[in-house]
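Subject: A structure for you to look at

Hi there,

I am passing a structure on to you, with the sequence alongside. Have a look at it first, and then read my notes below.

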Amino acid sequence: MPAPDLAAVRSFENLEFLARQLVDGFITGLHQSPYHGFSVEFSEHRLYNPGESTRHIDWKVFARTDKLFVKRYEEETNLRAHLLIDVSPSMYYPTPGHAKLTFSVVAAAALATLLTRQRDAVGLVTFADRVELQTPVRSTTTHRHAVLLALQRLLERPPAPAGPRRGTDVAGVIHTIAQQIPKRSLVILFSDMLGRDAAEQAAALAALQHLRHQHHEVLLFHVLDRSTEANFDFAERPYIFEDVETGQEIKLQPSQIREQYRAAMATFEQDLALRCGQLKIDFVPVDVREPFEKVLYAYLVKRGKGR
């Protein structure tokens with residue numbers, strides 16, 4: 001399902017209903033794709049590993065899928081996942097639609113739904129220059145409902161005015177979270193990772209390293225409106241570009257800086273991907289104009305690695 005804009009999201013009865021629709025459609029799609037090894041039974045089974053006992057193979061599932069699955073016991077499903085969403089002013093770009101934030105919120109809602117269907121525990125953290133909301137990490141239906149209500153409120157919240165104190169402190173927040181998570185967990189981060197300078201971006205990567213040092217798995221969704229933020233695809237006319245986090249403005253024609261901008265963004269993303277690879281962090285670039293299935297599939301791949 002393609003990423004809806006804010007108006008489209010509001011046309012649904014609520015975010016919880018939309019998340020269920022996305023997850024149901026995704027699972028159905030897996031059965032019709034080359035990835036059907038991830039079946040609807042994933043909450044009850046795992047793939048058989050050659051060499052282990054065949055005692056718990058589910059032959060009924062084998063007859064339907066032609067793949068070997070073993071029955072998975074309750075203790076094997078106790079994953080703890082923390083969903084971290086950057087809600088700083090840059091995540092409200094582009095307007096109207098609050099596209100990066102809308103994409104992140106809807107994707108997080110679908111992940112929360114998928115996690116709790118697997119009887120896994122999920123918690124939510126939203127942050128800008130500080131932690132704004134932090135929920136417990138639980139697996140109950142009631143808790144999932146509370147998480148989705150909190151996400152729904154994010155969609156309805158207007159962006160804060162630009163200013164020097166409304167930036168993003170990805171590093172500070174992640175260091176805080178790393179100290180607070182008591183057990184080995186999966187940390188899923190939605191952010192554009194756009195710091196004010198190279199030092200701020202280096203600090204964010206050091207914070208991600210802190211999570212890995214604490215033995216947590218990390219999945220980073222790098223959320224951008226790629227058409228404008230990566231490719232600088234603006235019509236050729238004068239614009240006033242405003243930094244949504246500081247309020248600073250500059251007037252220019254896109255062609256004046258397009259090539260330099262594209263080169264700088266390509267270098268930024270390559271460096272970010274390389275550093276994440278070195279830290280064994282799953283780095284997933286996502287475009288707000290892409291379907292949500294990429295996020296859900298990346299999670300299943302990550303989950304498969306962790307078994």
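First, some ground rules. This is a predicted model, in which local features need pLDDT of at least 70, side-chain atom pairs count only at pLDDT 80 or more, and totals for chains, interfaces and linings use all residues. Residues are numbered from 1 along each chain as its sequence is written, and side-chain values use heavy atoms, with hydrogens and water left out.

**The sheet**

Helices (H or I, at least four residues) and strands (E, at least two) are DSSP runs, numbered from the N terminus. Two strands pair if DSSP finds at least two bridges between them. Six strands form an open sheet with mixed pairing, in the order β5-β4-β3-β6-β7-β10. The edges are taken by β5 (131–134) and β10 (282–287); each has a single partner strand, so one side of each lacks a neighbour in the sheet. On average, neighbouring strands here are turned by 20° against each other, direction ignored.

Within this sheet, β6 (residues 186–191) and β7 (residues 217–224) run parallel and are joined by six bridges. Leu186 has Glu217 of β7 opposite it.

**Helices around it**

Contact means heavy atoms within 4.5 Å. Axes are lines fitted to C-alpha atoms, for helices over the stretch in contact, and angles run from 0 to 180 degrees between N-to-C directions. Helix α4 (residues 99–117) packs on the sheet and touches β3 (80–86), β4 (121–127), β6, β7 and β10, its direction making about 170° with that of β3. Helix α7 (residues 198–213) lies across β6 and β7, at about 155° to β7.

α4 also packs with helix α5 (residues 141–156), at an angle of about 175° and with the axes 10 Å apart. That makes the two helices roughly antiparallel, a label for angles over 145 degrees. Among the residues that meet are Leu101, Val105 and Ala108 in α4, and Arg144, Val147 and Leu151 in α5.

**The cores**

A nonpolar core is a set of buried Ala, Val, Leu, Ile, Met, Phe, Trp, Tyr and Cys residues joined through side-chain atoms within 4.5 Å. Buried means under 20% relative accessible area, exposed over 50%, and partly exposed in between (1.4 Å probe, protein chains only). The largest core has 51 residues, and Leu111, Leu151, Ile188, Phe190, Phe221 and Tyr299 have the most contacts inside it. Its largest share, 13 residues, comes from α4. Beyond its neighbours within four places in sequence, Tyr299 touches residues including Leu79, Leu111, Gln118, Asp120 and Ile188. A second, separate core of 28 residues includes Val187, Leu189, Ala207 and Leu224.

**Backbone details**

Tyr93 and Pro94 are joined by a cis peptide bond, with omega about -10°; Pro94 lies in the loop between β3 and α4.

Two residues have a positive phi without being glycine: Arg119, at about 65°, and Met193, at about 55°. Arg119 is in the loop between α4 and β4, while Met193 is in the loop between β6 and α7. Are they buried or exposed? Arg119 counts as partly exposed at 25% relative accessibility, whereas Met193 is buried at 7%.

Lastly, strands β8 (residues 239–242) and β9 (residues 249–252) pair in the antiparallel sense over four bridges, with Tyr239 opposite Leu252. Six residues lie between the strands of this hairpin, where Gly247 takes a positive phi near 85°.

Enjoy exploring!

Methods. Parallel < 35°, antiparallel > 145°, perpendicular 65-115°, else oblique.
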